[in-house]
Amino acid sequence: MYGRRLRFLPFELLLMAWPFHYKGRKRIENPKTRMTIMKKMKFFSAALVSIALVLGACSKEDVKSNNNAQDNEPQSFKVRMTDNPGDYKALDVQITSVQAFNAQSGWVVLDSSVQSYNVLDYTNGSDVEIAYQEEADSGNYTLLKIVFEPEATLTLNENFDSIAFGGIANAVINVDWRGSNEVLIEINENVNSEQGANVLVDFDVANSIENNGDGSVDFTPVINEVENESTRVEGQVVATANAMLMLTNGNDTLTSYVDASGSFTFMGMQEGVYDLIVKPATSELEDQGQSTFTFSNVTVVEGQTTSMGQIELQ
(Lines give C-alpha, C1' and ligand atoms only; values in the text may rest on other atoms or scores of the structure.)
Protein backbone atom coordinates (compact mmCIF):
# COMPACT_ATOMS: atom_id res chain seq x y z
CA MET A 1 0.00 0.00 0.00
CA TYR A 2 2.81 2.37 0.84
CA GLY A 3 5.75 0.50 -0.63
CA ARG A 4 7.27 -0.42 2.73
CA ARG A 5 5.99 -2.11 5.87
CA LEU A 6 5.05 0.18 8.74
CA ARG A 7 5.53 -0.93 12.32
CA PHE A 8 3.75 0.08 15.52
CA LEU A 9 5.66 2.42 17.83
CA PRO A 10 6.45 1.20 21.34
CA PHE A 11 3.87 2.24 23.89
CA GLU A 12 6.43 4.33 25.79
CA LEU A 13 7.05 6.50 22.69
CA LEU A 14 3.32 6.95 22.18
CA LEU A 15 3.03 8.25 25.73
CA MET A 16 5.58 10.92 24.91
CA ALA A 17 3.25 12.21 22.19
CA TRP A 18 0.45 12.92 24.65
CA PRO A 19 -0.41 16.64 24.90
CA PHE A 20 0.20 16.55 28.67
CA HIS A 21 2.63 14.95 31.07
CA TYR A 22 1.38 12.14 33.19
CA LYS A 23 2.60 12.57 36.79
CA GLY A 24 2.09 9.12 38.19
CA ARG A 25 -0.93 8.26 40.32
CA LYS A 26 -1.31 11.67 41.97
CA ARG A 27 -4.97 12.62 42.20
CA ILE A 28 -5.88 15.76 40.27
CA GLU A 29 -8.20 17.78 42.46
CA ASN A 30 -9.12 20.59 40.05
CA PRO A 31 -12.35 19.50 38.28
CA LYS A 32 -11.65 21.60 35.19
CA THR A 33 -8.18 20.17 34.83
CA ARG A 34 -9.48 16.61 35.29
CA MET A 35 -12.22 17.18 32.68
CA THR A 36 -9.71 18.59 30.18
CA ILE A 37 -7.40 15.59 30.61
CA MET A 38 -10.29 13.13 30.19
CA LYS A 39 -11.33 14.77 26.92
CA LYS A 40 -7.77 14.63 25.67
CA MET A 41 -7.52 10.96 26.65
CA LYS A 42 -10.70 10.10 24.73
CA PHE A 43 -9.46 11.97 21.68
CA PHE A 44 -6.07 10.29 21.83
CA SER A 45 -7.63 6.82 22.24
CA ALA A 46 -9.75 7.34 19.16
CA ALA A 47 -6.68 8.48 17.25
CA LEU A 48 -4.80 5.34 18.32
CA VAL A 49 -7.64 3.12 17.06
CA SER A 50 -7.66 4.89 13.69
CA ILE A 51 -3.89 4.57 13.32
CA ALA A 52 -4.06 0.87 14.21
CA LEU A 53 -6.73 0.22 11.58
CA VAL A 54 -4.74 2.00 8.87
CA LEU A 55 -1.51 0.24 9.78
CA GLY A 56 -3.32 -3.11 9.96
CA ALA A 57 -4.72 -2.59 6.46
CA CYS A 58 -1.27 -1.68 5.16
CA SER A 59 0.17 -4.80 6.76
CA LYS A 60 -2.48 -7.00 5.05
CA GLU A 61 -1.74 -5.40 1.69
CA ASP A 62 1.97 -6.04 2.21
CA VAL A 63 1.33 -9.72 2.96
CA LYS A 64 -0.88 -10.06 -0.10
CA SER A 65 1.72 -8.39 -2.31
CA ASN A 66 4.48 -10.58 -0.92
CA ASN A 67 2.45 -13.75 -1.52
CA ASN A 68 1.69 -12.77 -5.11
CA ALA A 69 5.35 -12.10 -5.71
CA GLN A 70 6.38 -15.64 -4.83
CA ASP A 71 7.34 -17.85 -7.78
CA ASN A 72 5.01 -20.73 -8.67
CA GLU A 73 2.46 -19.69 -6.06
CA PRO A 74 -0.46 -22.11 -6.58
CA GLN A 75 -3.83 -20.52 -7.25
CA SER A 76 -7.42 -21.67 -7.27
CA PHE A 77 -9.06 -23.86 -9.92
CA LYS A 78 -12.86 -23.75 -10.21
CA VAL A 79 -15.12 -25.77 -12.53
CA ARG A 80 -18.76 -24.84 -13.12
CA MET A 81 -21.43 -26.57 -15.17
CA THR A 82 -24.35 -25.17 -17.14
CA ASP A 83 -26.84 -26.90 -19.44
CA ASN A 84 -27.73 -26.48 -23.08
CA PRO A 85 -31.14 -28.04 -22.41
CA GLY A 86 -33.21 -30.73 -24.07
CA ASP A 87 -36.96 -31.21 -24.21
CA TYR A 88 -37.10 -33.16 -20.94
CA LYS A 89 -38.10 -32.53 -17.34
CA ALA A 90 -34.97 -33.88 -15.63
CA LEU A 91 -31.69 -35.66 -16.23
CA ASP A 92 -30.28 -36.95 -12.95
CA VAL A 93 -26.60 -37.88 -12.91
CA GLN A 94 -23.86 -38.46 -10.34
CA ILE A 95 -20.36 -37.06 -10.71
CA THR A 96 -17.71 -38.99 -8.79
CA SER A 97 -14.54 -37.12 -9.77
CA VAL A 98 -13.38 -33.95 -11.52
CA GLN A 99 -9.75 -33.84 -12.67
CA ALA A 100 -7.57 -31.53 -14.75
CA PHE A 101 -4.46 -32.41 -16.76
CA ASN A 102 -1.41 -30.28 -16.04
CA ALA A 103 1.05 -30.41 -18.94
CA GLN A 104 3.92 -30.19 -16.46
CA SER A 105 2.82 -32.54 -13.67
CA GLY A 106 0.00 -34.74 -15.02
CA TRP A 107 -3.53 -35.30 -13.71
CA VAL A 108 -4.66 -33.23 -10.71
CA VAL A 109 -7.77 -34.26 -8.75
CA LEU A 110 -9.90 -31.17 -8.15
CA ASP A 111 -12.79 -32.96 -6.43
CA SER A 112 -13.42 -36.62 -5.62
CA SER A 113 -16.69 -36.39 -3.69
CA VAL A 114 -19.87 -37.98 -5.09
CA GLN A 115 -22.28 -35.26 -6.20
CA SER A 116 -25.80 -35.63 -7.58
CA TYR A 117 -27.27 -33.17 -10.09
CA ASN A 118 -30.36 -32.67 -12.18
CA VAL A 119 -28.54 -31.17 -15.13
CA LEU A 120 -31.70 -29.42 -16.33
CA ASP A 121 -31.75 -27.26 -13.19
CA TYR A 122 -28.91 -25.19 -14.65
CA THR A 123 -30.23 -23.75 -17.90
CA ASN A 124 -30.38 -20.35 -19.59
CA GLY A 125 -27.42 -18.72 -17.91
CA SER A 126 -27.47 -20.43 -14.50
CA ASP A 127 -24.67 -22.76 -13.43
CA VAL A 128 -23.41 -24.85 -10.50
CA GLU A 129 -19.91 -25.32 -9.10
CA ILE A 130 -18.83 -28.96 -9.46
CA ALA A 131 -15.20 -28.68 -8.35
CA TYR A 132 -12.92 -26.27 -6.55
CA GLN A 133 -9.33 -26.45 -5.38
CA GLU A 134 -7.88 -23.51 -3.52
CA GLU A 135 -4.25 -24.28 -4.30
CA ALA A 136 -3.83 -25.99 -7.66
CA ASP A 137 -0.40 -26.73 -9.12
CA SER A 138 0.94 -23.99 -11.35
CA GLY A 139 1.12 -24.77 -15.06
CA ASN A 140 -0.85 -25.06 -18.28
CA TYR A 141 -3.97 -27.24 -18.11
CA THR A 142 -5.10 -28.80 -21.39
CA LEU A 143 -7.78 -31.34 -20.45
CA LEU A 144 -10.62 -31.64 -18.00
CA LYS A 145 -11.96 -35.06 -17.00
CA ILE A 146 -15.42 -35.55 -15.48
CA VAL A 147 -16.11 -39.05 -14.18
CA PHE A 148 -19.75 -40.14 -13.86
CA GLU A 149 -21.41 -42.97 -12.01
CA PRO A 150 -22.55 -45.17 -14.95
CA GLU A 151 -26.22 -44.81 -14.01
CA ALA A 152 -28.52 -41.94 -14.94
CA THR A 153 -32.25 -41.27 -15.00
CA LEU A 154 -34.18 -39.31 -17.63
CA THR A 155 -37.60 -37.88 -16.72
CA LEU A 156 -39.84 -36.92 -19.63
CA ASN A 157 -42.21 -33.95 -19.66
CA GLU A 158 -45.79 -34.49 -18.50
CA ASN A 159 -47.10 -34.23 -22.09
CA PHE A 160 -44.45 -36.53 -23.59
CA ASP A 161 -45.22 -38.44 -26.80
CA SER A 162 -45.66 -42.02 -25.59
CA ILE A 163 -45.64 -43.40 -29.14
CA ALA A 164 -42.31 -41.73 -29.93
CA PHE A 165 -40.82 -43.60 -26.96
CA GLY A 166 -42.15 -47.00 -27.95
CA GLY A 167 -45.52 -46.75 -26.18
CA ILE A 168 -44.08 -46.49 -22.68
CA ALA A 169 -46.39 -45.37 -19.89
CA ASN A 170 -43.74 -44.39 -17.34
CA ALA A 171 -42.15 -40.98 -17.79
CA VAL A 172 -38.97 -42.02 -15.91
CA ILE A 173 -36.37 -43.96 -17.91
CA ASN A 174 -33.11 -45.50 -16.75
CA VAL A 175 -30.81 -44.58 -19.61
CA ASP A 176 -28.28 -46.93 -21.19
CA TRP A 177 -24.72 -45.64 -21.11
CA ARG A 178 -22.81 -45.82 -24.37
CA GLY A 179 -19.03 -45.77 -24.20
CA SER A 180 -16.94 -44.59 -21.28
CA ASN A 181 -18.34 -42.88 -18.20
CA GLU A 182 -15.30 -40.57 -18.27
CA VAL A 183 -15.73 -37.43 -20.37
CA LEU A 184 -12.66 -35.55 -21.60
CA ILE A 185 -12.99 -31.85 -22.39
CA GLU A 186 -10.35 -29.78 -24.13
CA ILE A 187 -9.38 -26.62 -22.24
CA ASN A 188 -6.51 -24.16 -22.26
CA GLU A 189 -6.08 -22.66 -18.81
CA ASN A 190 -2.97 -21.25 -17.15
CA VAL A 191 -2.54 -21.27 -13.38
CA ASN A 192 0.39 -19.34 -11.97
CA SER A 193 1.37 -16.91 -9.27
CA GLU A 194 -0.90 -14.21 -10.67
CA GLN A 195 -4.03 -16.00 -11.85
CA GLY A 196 -6.27 -18.99 -11.33
CA ALA A 197 -8.67 -20.89 -13.57
CA ASN A 198 -12.45 -20.55 -13.71
CA VAL A 199 -13.83 -23.03 -16.26
CA LEU A 200 -17.46 -23.18 -17.36
CA VAL A 201 -18.56 -26.36 -19.17
CA ASP A 202 -21.78 -26.81 -21.12
CA PHE A 203 -23.66 -30.11 -20.78
CA ASP A 204 -25.50 -30.48 -24.10
CA VAL A 205 -28.46 -32.61 -23.02
CA ALA A 206 -30.25 -32.52 -26.38
CA ASN A 207 -27.27 -34.09 -28.15
CA SER A 208 -26.48 -36.47 -25.26
CA ILE A 209 -29.79 -38.36 -25.48
CA GLU A 210 -30.80 -40.69 -28.29
CA ASN A 211 -34.32 -42.09 -28.28
CA ASN A 212 -34.33 -45.60 -29.75
CA GLY A 213 -38.11 -45.59 -30.19
CA ASP A 214 -38.56 -48.85 -28.28
CA GLY A 215 -38.73 -47.47 -24.74
CA SER A 216 -34.95 -47.36 -24.33
CA VAL A 217 -32.68 -44.33 -24.41
CA ASP A 218 -28.95 -44.23 -25.16
CA PHE A 219 -26.88 -41.76 -23.21
CA THR A 220 -23.50 -40.37 -24.26
CA PRO A 221 -22.67 -37.12 -22.40
CA VAL A 222 -21.68 -34.30 -24.76
CA ILE A 223 -19.85 -31.62 -22.76
CA ASN A 224 -17.76 -28.70 -24.03
CA GLU A 225 -16.01 -25.70 -22.53
CA VAL A 226 -17.75 -22.34 -22.83
CA GLU A 227 -14.79 -20.21 -23.88
CA ASN A 228 -16.47 -16.82 -23.61
CA GLU A 229 -19.54 -16.86 -21.41
CA SER A 230 -20.04 -13.10 -21.74
CA THR A 231 -20.94 -13.57 -25.45
CA ARG A 232 -24.68 -14.23 -25.38
CA VAL A 233 -27.99 -14.14 -27.22
CA GLU A 234 -31.01 -13.79 -24.94
CA GLY A 235 -34.74 -13.37 -25.36
CA GLN A 236 -38.21 -14.56 -24.45
CA VAL A 237 -40.71 -16.45 -26.60
CA VAL A 238 -44.32 -15.54 -25.82
CA ALA A 239 -47.59 -17.30 -26.65
CA THR A 240 -46.17 -20.81 -26.41
CA ALA A 241 -45.72 -23.17 -23.48
CA ASN A 242 -42.61 -24.79 -24.93
CA ALA A 243 -40.32 -24.24 -27.88
CA MET A 244 -37.05 -25.47 -29.30
CA LEU A 245 -34.59 -22.89 -30.59
CA MET A 246 -31.63 -23.18 -32.93
CA LEU A 247 -29.00 -20.50 -33.45
CA THR A 248 -27.03 -21.17 -36.64
CA ASN A 249 -24.55 -19.42 -38.92
CA GLY A 250 -24.53 -22.21 -41.52
CA ASN A 251 -21.49 -23.93 -40.02
CA ASP A 252 -22.20 -24.10 -36.29
CA THR A 253 -25.61 -24.73 -34.72
CA LEU A 254 -26.54 -24.34 -31.07
CA THR A 255 -29.77 -25.81 -29.70
CA SER A 256 -31.76 -24.72 -26.68
CA TYR A 257 -35.24 -24.77 -25.17
CA VAL A 258 -37.23 -22.09 -23.41
CA ASP A 259 -37.74 -22.33 -19.67
CA ALA A 260 -41.06 -22.06 -17.81
CA SER A 261 -41.24 -18.29 -18.44
CA GLY A 262 -40.37 -18.63 -22.13
CA SER A 263 -36.85 -17.24 -21.66
CA PHE A 264 -33.78 -18.60 -23.41
CA THR A 265 -30.03 -17.98 -23.45
CA PHE A 266 -27.28 -18.99 -25.85
CA MET A 267 -23.69 -18.27 -24.86
CA GLY A 268 -20.12 -18.89 -25.84
CA MET A 269 -20.62 -18.78 -29.61
CA GLN A 270 -18.23 -17.16 -32.08
CA GLU A 271 -19.10 -13.64 -33.18
CA GLY A 272 -20.83 -13.24 -36.52
CA VAL A 273 -24.28 -13.16 -38.09
CA TYR A 274 -26.75 -15.91 -37.21
CA ASP A 275 -30.30 -17.07 -37.88
CA LEU A 276 -32.52 -17.82 -34.89
CA ILE A 277 -35.00 -20.61 -35.62
CA VAL A 278 -37.91 -21.13 -33.23
CA LYS A 279 -39.97 -24.30 -33.34
CA PRO A 280 -42.93 -24.14 -30.94
CA ALA A 281 -44.34 -27.30 -29.42
CA THR A 282 -47.92 -26.08 -29.12
CA SER A 283 -50.46 -27.67 -31.47
CA GLU A 284 -52.32 -24.35 -31.85
CA LEU A 285 -49.49 -22.78 -33.82
CA GLU A 286 -48.98 -25.92 -35.88
CA ASP A 287 -52.68 -25.87 -36.79
CA GLN A 288 -52.12 -22.45 -38.36
CA GLY A 289 -49.93 -24.10 -40.97
CA GLN A 290 -46.59 -22.81 -39.64
CA SER A 291 -44.45 -24.76 -37.22
CA THR A 292 -41.11 -22.98 -37.64
CA PHE A 293 -40.26 -19.29 -37.35
CA THR A 294 -36.93 -17.86 -38.54
CA PHE A 295 -35.40 -14.55 -37.45
CA SER A 296 -32.48 -13.58 -39.66
CA ASN A 297 -29.47 -11.30 -39.24
CA VAL A 298 -28.90 -11.82 -35.52
CA THR A 299 -25.56 -10.10 -34.96
CA VAL A 300 -23.32 -11.59 -32.28
CA VAL A 301 -20.43 -9.50 -30.97
CA GLU A 302 -17.74 -11.10 -28.80
CA GLY A 303 -18.06 -10.14 -25.15
CA GLN A 304 -21.53 -8.63 -25.55
CA THR A 305 -25.14 -9.71 -25.02
CA THR A 306 -27.49 -9.57 -28.01
CA SER A 307 -31.05 -9.12 -26.78
CA MET A 308 -33.88 -10.43 -28.91
CA GLY A 309 -36.49 -9.00 -26.54
CA GLN A 310 -39.92 -10.59 -26.59
CA ILE A 311 -40.53 -12.79 -29.63
CA GLU A 312 -44.13 -13.15 -30.74
CA LEU A 313 -44.85 -16.09 -33.03
CA GLN A 314 -47.48 -15.04 -35.53
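The structure is a predicted model, in which local features need pLDDT of at least 70, side-chain atom pairs count only at pLDDT 80 or more, and totals for chains, interfaces and linings use all residues. Residues are numbered from 1 along each chain as its sequence is written, and side-chain values use heavy atoms, with hydrogens and water left out.

**The chain as a whole**

Of its 314 residues, 39% are buried, where buried means under 20% relative accessible area, exposed means over 50%, and partly exposed lies in between (1.4 Å probe, protein chains only). The chain exposes about 18,200 Å², and carbon and sulfur atoms supply 47% of that area; accessible areas come from the Shrake-Rupley method with a 1.4 Å probe, and for residues only the protein chains shown count as cover. A contact is defined by heavy atoms within 4.5 Å. Among contacts in the chain with a separation of 6 or more, 71% link residues 24 or more positions apart.

**Strand β6 and its partners**

Two strands are said to pair if DSSP finds at least two bridges between them. Strand β2 (residues 90-102) pairs with β6 in the antiparallel sense over 7 bridges, and Val98 stands opposite Ile146 in β6. Strand β10 (residues 182-191) also runs antiparallel to β6, joined to it by 8 bridges; here Leu143 stands opposite Glu186 in β10.

**Pocket and cavity**

Rolling a probe the size of a water molecule over the atoms shows where empty space is left. On a 1 Å grid over the protein atoms alone, a cavity is a set of points where a 1.4 Å probe fits but cannot get out, whereas a pocket is an open set with protein on both sides within 12 Å along at least five of seven lines; lining residues have an atom within 4 Å of a point. Grid points are joined across faces, edges and corners, and a volume is the space filled by probe spheres set on the points.

| Space | Volume | Lining by class |
|---|---|---|
| Largest pocket | about 480 Å³ | 5 nonpolar, 9 polar, 7 charged residues |
| Largest cavity | about 110 Å³ | 4 nonpolar, 7 polar, 2 charged residues |

In these classes, Ala, Val, Leu, Ile, Met, Phe, Trp, Tyr, Cys and Pro count as nonpolar, Asp, Glu, Lys and Arg as charged, and the others, Gly among them, as polar.

The largest pocket is lined by 21 residues, and Glu225, Leu254, Met267, Gly268 and Met269 are the closest to its centre. Strand β17 gives the largest share of this lining, 3 residues. The largest cavity has 13 lining residues, with Asn84, Asp202, Thr265, Phe266 and Met267 nearest its centre.

Ser208 belongs to helix α3 (residues 205-208) and counts as buried because its relative accessibility is 2%. Its C-alpha lies 4.8 Å from that of Pro221, 13 residues away in sequence. Beyond neighbours within four places in sequence, Ser208 is in contact with residues including Phe203, Asp218 and Pro221.

Val128 lies in strand β5 (residues 128-136) and is buried, with a relative accessible area of 15%. The C-alpha atoms of Val128 and Tyr117 are separated by 9.2 Å. Leaving aside neighbours within four places in sequence, Val128 is in contact with Val79, Arg80, Met81, Tyr117 and Tyr122.

Conventions
Helices (H or I, at least four residues) and strands (E, at least two) are DSSP runs, numbered from the N terminus.
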